[in-house]
Amino acid sequence: MDNEKLVSCPYCGEEICIEVELFAGKHQTLIEDCPVCCRPIEYDIYIDSDAIITIQCRTEEGTDY
Ligand SMILES: [Zn+2]
């Protein structure tokens, strides 16, 4: 199962690989610092019944990306 997704940092645009825990729930939120610019990114992770992962990331100020 492919549980790694590439997302773009909403601050610097760098691509970051996120590892998703498929069994941690259908909707997960996660805050992690960007490894490049070190600013905190909020991730909204959705997993549907076919294990399709959708990730939305935003800045701490709540700007959707
Ligand atoms: Zn960044």
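Modeller: Happy to! With 65 residues, a compact globule would have a radius of gyration near 11 Å, and the protein has 11 Å, which agrees. That radius is taken over C-alpha atoms, and the globule rule is 2.2 Å times the number of residues to the power 0.38. This is a predicted model: local features need pLDDT of at least 70, side-chain atom pairs count only at pLDDT 80 or more, and totals for chains, interfaces and linings use all residues. Residues are numbered from 1 along each chain as its sequence is written.

Biologist: Nice. How many helices and strands does the protein have?

Modeller: There are 0 helices and 5 strands. Both are DSSP runs numbered from the N terminus: helices are H or I with at least four residues, strands E with at least two.

Biologist: And what is the strand order in the open sheet?

Modeller: The open sheet of 3 strands runs β3-β4-β5, with antiparallel pairing; strands pair if DSSP finds at least two bridges between them. β3 (27–33) and β5 (53–59) are the edges, each with a single partner strand, so one side of each lacks a neighbour in the sheet.
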